[in-house]
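Walk through this model with the coordinates open.

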Amino acid sequence: MTETAHWTPAHGEPYRPVPYRPDRMPHDESLARAAELRERMQGRRTVRQFAPDPVPEQAVRDAIACAATAPSGAHQQPWTFVLVRDPDVRRRIRAAAEHEEQVSYDGRLGEEWLAALRPLGTDEVKPHLTDAPALIVVFQQRYWLGADGTRHKHYYVDESVGIAVGMLLSALHLSGLAALVHTPSPMRFLGQVLDRPENEKAFAVIPVGYPAPDCHVPDLVRKSLDQVLVEV
Ligand SMILES: Cc1cc2nc3c(=O)[nH]c(=O)nc-3n(C[C@H](O)[C@H](O)[C@H](O)COP(=O)(O)O)c2cc1C
């Protein structure tokens, strides 16, 4: 059986329940793990200056495998992760992204958006696309293409892919790797450079690597728990 034949299509299949009985974690262990995870996740930062040093490739594949465990609308798993290491392809992606970003920063974004970006110190120059040793380009499958070319609807694609990318970022960070979610707009060039099928739409480019020795990040403060949590 091929890899692709393995996933549950879910489309018109009958309900086939299987037992699910994971070991229950004692409360004190849950508390200790949650506190440690909270602390480690606080240390995650978006990195825009990368060292060219190679990363352990299997760690990146494992992080993508973690992302692919994400829940998805009707279990349609509407995502594709393209792992780009080829320097020439990274150069082409950078050239196309910088072309779009130039237009954006020259005014397409509008003053309100530019003002929101100012504290982040970003501009149209995107060295991370060639400095980071790997790029994960995430595509959403807007619909599913059957073997005979028929289109099948996918549900909650934005939500599903957003959750998967969140899990990807967590997995990369907890594996000791730095990343950036880069969303050049428009992103159509990514499908063209990477020769993706018509049902796929680029969602983000995620450079992965280690921070450069002189890496700086903006001095940002996150909302506190009581600003984001409402308990009823
Ligand atoms: C959907 C999304 C799109 C983003 N797009 C960009 C981008 O195009 N360029 C960039 O430099 N950062 C981008 N970021 C990164 C954010 O600016 C960053 O997450 C935010 O400033 C908080 O910083 P932190 O990740 O270090 O906590 C994006 C983040 C998200 C979630």
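**From span to core to ligand**

The end C-alpha atoms of residues 42-210 lie 17 Å apart, and the span is 41% helix and 21% strand. Helices (H or I, at least four residues) and strands (E, at least two) are DSSP runs, numbered from the N terminus. An unreviewed UniProt entry lists these residues as "domain: Nitroreductase"; such positions use the numbering used here, feature names are shortened, and annotations may be inferred rather than shown by experiment.

This is a predicted model: local features need pLDDT of at least 70, side-chain atom pairs count only at pLDDT 80 or more, and totals for chains, interfaces and linings use all residues. Residues are numbered from 1 along each chain as its sequence is written.

Start with the largest nonpolar core. It has 39 residues, and Val 137 and Val 138 touch the most other members. Such a core joins buried Ala, Val, Leu, Ile, Met, Phe, Trp, Tyr and Cys residues through C-beta atoms within 7 Å. Buried means 20 or more other C-beta atoms within 10 Å of a residue's own, placed from the backbone. Helix 6 gives the largest share, 8 residues.

Now follow helix 6. Its 18 residues reach 26 Å from first C-alpha to last, close to the 26 Å expected at 1.5 Å a residue (1.5 Å times one less than the number of residues). Among its buried residues are Val 161, Val 165 and Leu 168. Gly 176 follows the helix, with a positive phi near 85°.

Finally, the ligand. Residues around it include Arg 45, Arg 48, His 182 and Leu 220, with C-beta atoms, placed from the backbone, within 6 Å of it.

Definitions and conventions: Buried ≥ 20, exposed ≤ 12 C-beta atoms within 10 Å, placed from the backbone.
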